[in-house]
Amino acid sequence: MSEMIPILEARGISKYFGAVTALENVNLRLMPGEVLGVVGDNGAGKSTLMKILAGLYQPSKGELLAQGQPVHFRSPKDARDRGIEMVYQELALAGNLRIDENIFLGREQMRRLWGVVPLVDHTANAARAQEHLDKLRIRVKSVRQRVEELSGGQRQAVAIARATAFDARVVIMDEPTAALAIKEVGKVLDLVKDLKNHGIGVIFISHRLDDIFYVCDRVMALFHGRNFAEAPLGQSSRNEVIGWIMGNKTGTGIKPAADLN
Amino acid sequence: MATSTAELPESTRDKSLTVRIIPFVDRYGALLLVGVMGFVSYLLEPDVFLTWGNISNIFRQISFNAILAIGEFIVIVTAGIDLSVGSVLALAMMTTAVMTRDGYPLPLLIVAPFIVGIASGIVNGLGLTKLHLPHPFIMTLGTLNIARGLTNLISGGVPISGLPDAVRWMGASDIRIFNLDVPVSIFVIAITYFIVWIFLQHTRTGRHIYAIGGNPQAARVSGINVDRTLVLAYALCGMLAGFSGLLLAGRTNSGFPNAGLGQELDAISAVIIGGASFFGGRGTVLGVFAGALVIGLMRNVLNLHNVPVFWQQVLIGVVIIAVVYLDVLRRRAGSANA
């Protein structure tokens with residue numbers, strides 16, 4: 001029975017920025033171990049929806065449920081406390097800090113000098129970071145490298161490691177492959193599959209349909225801030241999904257969506 | 001195919017050489033500069049430069065700028081700047097002098113400059129984070145004037161001399177170790193720098209200060225309270241400026257309204273020469289020490305040569321530009337090989 005409860009659900013979410021409607025009555029369900037692809041044109045409301053799920057924005061209307069419980073996130077920290085983590089599009093890593101420091105930024109393990117002075121336990125954090133990277137099969141020369149010394153793919157991997165370092169149940173990824181070289185994309189996608197195998201639910205935003213079709217179980221499309229279409233990947237084709245992004249359901253993907261304006 | 005494999009080893013060797021040199025320069029560049037400066041000073045003044053009297057004099061002279069600079073450094077790591085430190089130094093110094101004249105007890109005299117400094121720093125920090133003034137430059141330019149004005153208001157614009165022995169001891173005395181008279185200033189610098197190093201490298205707040213300087217967005221989404229951390233950074237900078245004022249009061253046995261005029265620029269220079277970046281997140285405590293020492297050595301050798309103080313200013317300006325330019329070259333080489 002518990003298998004049937006979504007780990008994360010959004011019901012009737014609307015978001016207004018002044019007079020602008022970014023989202024209108026949007027629904028979303030994510031099951032444990034499921035990879036949900038979210039597609040849509042620029043400005044369709046994908047990023048806004050994700051920021052609401054991650055606690056960065058508050059919805060104007062609608063409710064969020066985590067494991068069937070209504071939740072109100074006032075900050076990313078609230079969302080994180082419920083196991084919902086986001087890997088940000090702009091790669092929210094501090095390049096001047098080491099890998100282990102980035103993974104545990106804001107959640108460092110501490111020790112006490114002479115039982116009084118609280119200091120960051122760099123040794124323990126480095127060991128935990130290494131252990132966690134090993135679990136995810138992410139290979140770096142040393143966790144003591146600065147993040148700015150890494151390639152784009154390695155940085156993305158560190159960002160994902162960071163998101164999953166503390167019992168994440170849901171990982172939201174906003175265009176995780178957009179800035180990567182082709183050969184690094186595959187590694188990140190395999191990492192997503194690993195997360196799935198660990199029972200983590202993943203919401204995967206991408207413009208790249210190759211990526212969507214490679215990792216996702218189900219895909220949903222937003223159009224002009226509304227739910228537009230949704231289907232398990234086995235039951236939809238690439239052309240159909242392209243059509244959704246452009247706002248038509250005829251399945252050709254090339255018909256201009258003039259009637260929608 | 002054959003040519004590309006033949007070329008490969010050479011380029012790999014070049015890369016590894018640069019890769020090995022850059023971290024070394026990163027870490028010890030400023031100390032190398034101190035070494036070079038010291039050597040040049042020695043060549044110019046072989047009879048005087050290495051005498052203990054001269055060396056301890058250098059440390060006495062740099063002490064208050066070194067303390068000012070390490071506070072400024074904390075703020076610069078957050079990608080900020082504090083222009084008010086020279087004025088805050090004067091206000092703290094004058095507060096102590098006025099309180100001495102009015103007969104307040106010693107513990108209060110010693111605590112007061114710290115409180116003045118912390119308060120000024122909190123004002124800077126709150127102005128930046130709560131009033132959302134566009135850049136710390138603006139806020140601290142304001143407090144630069146406010147603190148200087150207050151200094152003149154509380155003193156009537158005239159110097160006030162006479163401070164308790166304990167304050168003078170900290171700023172001007174020596175401790176005799178074996179047969180050397182070691183200035184108390186050396187210990188003051190060493191202890192302060194050590195504490196700041198522990199703070200920045202090993203406490204959570206210290207690491208968050210670096211994170212904010214590296215990527216404020218990352219810090220924010222990591223749940224770091226960026227505003228509170230910034231206020232703290234400015235408060236610490238102010239506190240160290242206040243401490244510096246206390247040291248200068250002890251050294252000169254007085255409070256004078258023009259103290260620390262333009263000193264914020266020397267403090268900033270020391271930080272930048274020491275390898276910190278104006279864009280934040282970069283630099284080391286050791287580097288700041290080296291930066292302060294480089295300025296001190298330059299002043300010292302120029303004084304020994306009777307070079308007019310105006311030329312000293314010109315030369316310090318040249319060194320700042322040269323050092324930062326070298327840094328730019330180094331980064332360019334670094335990124336080309338990354």
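# Close-up views of a predicted two-chain model

**View 1. Chain B in outline.** The secondary structure of chain B amounts to 13 helices and four strands. The model is predicted. Chain B has 338 residues, and 46% of them are buried. Contacts in chain B between residues at least 6 apart in sequence were also sorted by separation: 78% of them join residues at least 24 apart.

**View 2. Helix 4 of chain B against helix 10 of chain B.** Helix 4 of chain B spans residues 106–129, and helix 10 of chain B spans residues 226–252. The two pack at an angle of about 145°. Their axes are 6 Å apart. The crossing of helix 4 of chain B and helix 10 of chain B is right-handed. Residues of this contact comprise 19 nonpolar, nine polar and one charged.

**View 3. The contact of chain A with chain B.** Chain A gives 19 residues to the contact, and chain B gives 17 residues. On the side of chain A that touches chain B, helix 2 (76–81) and strand 8 (117–120) of chain A each supply at least two residues. The residues on that side of chain A are 11 nonpolar, three polar and five charged.

**View 4. The four-stranded sheet of chain A.** This open sheet of chain A has four strands in the order 2-1-4-5, and the pairing is antiparallel. Strand 2 (20–30) and strand 5 (69–71) of chain A stand at the edges. Each has a single partner strand, so one side of each is left without a neighbour in the sheet. Direction ignored, neighbouring strands of this sheet are turned by 30° against each other on average. Helix 1 of chain A, residues 46–53, packs on the sheet. This helix touches strand 1 (8–17), strand 2 and strand 4 of chain A. The direction of helix 1 of chain A makes about 120° with that of strand 1 of chain A.

**View 5. Strand 4 of chain A beside strand 5 of chain A.** Strand 4 of chain A covers residues 61–66. Three bridges pair strand 4 of chain A with strand 5 of chain A in the antiparallel sense. Leu65(A) stands opposite Pro70(A), a residue of strand 5 of chain A.

**View 6. The six-stranded sheet of chain A.** This open sheet of chain A has six strands in the order 6-9-10-3-11-12, and the pairing is mixed. Strand 6 and strand 12 (226–232) of chain A stand at the edges. Each has a single partner strand, so one side of each is left without a neighbour in the sheet. From one strand to the next, the twist averages 20°. Helix 1 of chain A packs on the sheet and touches strand 3 (35–39), strand 6, strand 9, strand 10 and strand 11 (218–223) of chain A. The direction of helix 1 of chain A makes about 150° with that of strand 9 of chain A.

View 7. Strand 9 of chain A covers residues 170–174 and is mostly covered, with five of its five residues buried. Val170(A), Ile172(A) and Asp174(A) point one way from the strand. Val171(A) and Met173(A) point the other way. Strand 6 of chain A, residues 84–87, runs parallel to strand 9 of chain A and is joined to it by four bridges. Ile84(A) has Val170(A) as its bridge partner, and Glu85(A) has Val171(A). Strand 10 of chain A, residues 201–205, pairs with strand 9 of chain A in the parallel sense over five bridges. There, the bridge partner of Val171(A) is Val202(A).

View 8. Strand 10 of chain A is mostly covered, and five of its five residues are buried. Gly201(A), Ile203(A) and Ile205(A) point one way from the strand, and Val202(A) and Phe204(A) the other way. Strand 3 of chain A pairs with strand 10 of chain A in the parallel sense over four bridges. Val38(A) stands opposite Ile205(A) in strand 10 of chain A. Strand 9, helix 6 (residues 182–197) and strand 10 of chain A make a right-handed β-α-β unit. Helix 6 of chain A lies across strand 3, strand 9 and strand 10 of chain A. Helix 6 of chain A runs at about 150° to strand 10 of chain A.

Notes. Residues are numbered from 1 along each chain as its sequence is written. Chains are lettered from A and ligands numbered from 1 in the order in which they are written. This is a predicted model: local features need pLDDT of at least 70, side-chain atom pairs count only at pLDDT 80 or more; totals for chains, interfaces and linings use all residues. Axes are lines fitted to C-alpha atoms, for helices over the stretch in contact, and angles run from 0 to 180 degrees between N-to-C directions. A crossing is left-handed if the near helix is turned anticlockwise from the far one by less than a right angle, and right-handed if clockwise. Ala, Val, Leu, Ile, Met, Phe, Trp, Tyr, Cys and Pro count as nonpolar, Asp, Glu, Lys and Arg as charged, and the others, Gly among them, as polar. A residue is buried if 20 or more other C-beta atoms lie within 10 Å of its own, exposed if 12 or fewer, and partly exposed in between; C-beta atoms are placed from the backbone. Two strands pair if DSSP finds at least two bridges between them. A crossover is right-handed if, with the strands pointing away from the viewer, the path from the first strand over the helix to the second runs clockwise. Two residues are in contact if their C-beta atoms, placed from the backbone, lie within 7 Å.
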